[in-house]
Amino acid sequence: MSPSPLPSPSSRPPVFMVPSSIENIQMYSPAFYVTCTAGGILSCGLTHMAVTPLDLVKCNMQINPAKYKSISSGFGVLLKEQGIRGFFKGWVPTLLGYSAQGGCKFGFYEFFKKYYSDIAGLEFSANYKMLIYLAGSASAEVIADVALCPFEAVKVRVQTQHGFARGMADGFPKFIKSEGAVGLYKGLVPLWGRQIPYTMMKFASFETVVEMLYKYAIPSPKDQCSKTLQLGVSFAGGYVAGVFCAVVSHPADNLVSFLNNAKGATVGDAVKNLGLWGLFTRGLPLRIVMIGTLTGAQWGIYDAFKVFVGLPTTGGGPRAAQAAK
């Protein structure tokens, strides 16, 4: 008997992905990508909105360190000048912007991860998983930041310029009137500089940490673990990934805040004003706490949503792939 032909790359799941027996939502189908996009909207929009007070203090520490000298004093200044309501200033552009970004980020990551693994082939995908993670996440973030950038510009201006606007409804037209529609994308290149390394670190380190946890720390194969334990692994992997993300992307985060706050400012102005040390460290401890918690919660919510609709959690695929052979 002649051996049966191997399936084409487009029809076989990448070796590092968890195979699924889902009947309602077929893995890598249009419905699968729509579901992942919806999960990304929920995970990023809700979590970023929840940490608006931390983000508000961080942005003001970056822009006006003489006034906002520390995390505690920053909260004190905001409370004294703007009251409790001031802590959630800019929550609408935050919710809208990061919902759009999250949907593109997670949805396109799943798409590009599968797409690049099909192009690379089964053996390359198995041996160089990290390259697939990095390429897929970088490609997804390029698209996601185009969706985020206008909202991020308005958010920073609302949060750091007292009296500019109350929120998205009046801030958006004021921003366009002041700098034109093109001004909404003034911070796109620095945003890419912040978010692309951040997202590459976020997805690659998450996938790696989760794989290591299932390989070395958890005695049972993933498919034999409870959903609660799997979601706990997702949160832990996300938190560790978030710490790495914060450090890698922080200089660009300072640039984005500076450029969106000052009309006509350039990258050179930002470096001159902040200094190299300030560029890498100003607001970093708060951002580590914020991004670690944020990223852990995002992966937890994203995978909880996937479990809710009947899909497997993300990552930890090698054992499952071996068991499927």
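Phe 235 and Tyr 239 are four residues apart in helix H9 (residues 227-261), so about one helical turn separates them. Helices here are DSSP runs of H or I with at least four residues, numbered from the N terminus. A quick note on the source: this is a predicted model, where local features need pLDDT of at least 70, side-chain atom pairs count only at pLDDT 80 or more, and totals for chains, interfaces and linings use all residues. Residues are numbered from 1 along each chain as its sequence is written, and side-chain values use heavy atoms, leaving out hydrogens and water.

So what makes a pair? Rings of Phe, Tyr and Trp (its six-membered ring) pair if their centres lie within 6.5 Å; planes under 30 degrees apart are stacked, over 60 edge-to-face, and the rest tilted. That rule gives 18 aromatic pairs. Here are two of them:

| Pair | Centre to centre | Angle of planes | Type |
|---|---|---|---|
| Tyr 28 and Phe 32 | 5.4 Å | 75° | edge-to-face |
| Phe 235 and Tyr 239 | 6.2 Å | 45° | tilted |

Buried or exposed? Buried means under 20% relative accessible area, exposed over 50%, and partly exposed in between (1.4 Å probe, protein chains only). Tyr 28 and Phe 32 are both buried. Phe 235 is partly exposed at 37%, and Tyr 239 is partly exposed too, at 31%.

Tyr 28 and Phe 32 also belong to a cluster linked by ring pairs, whose members include Tyr 33 and Phe 108.

Definitions and conventions: Helices (H or I, at least four residues) and strands (E, at least two) are DSSP runs, numbered from the N terminus.
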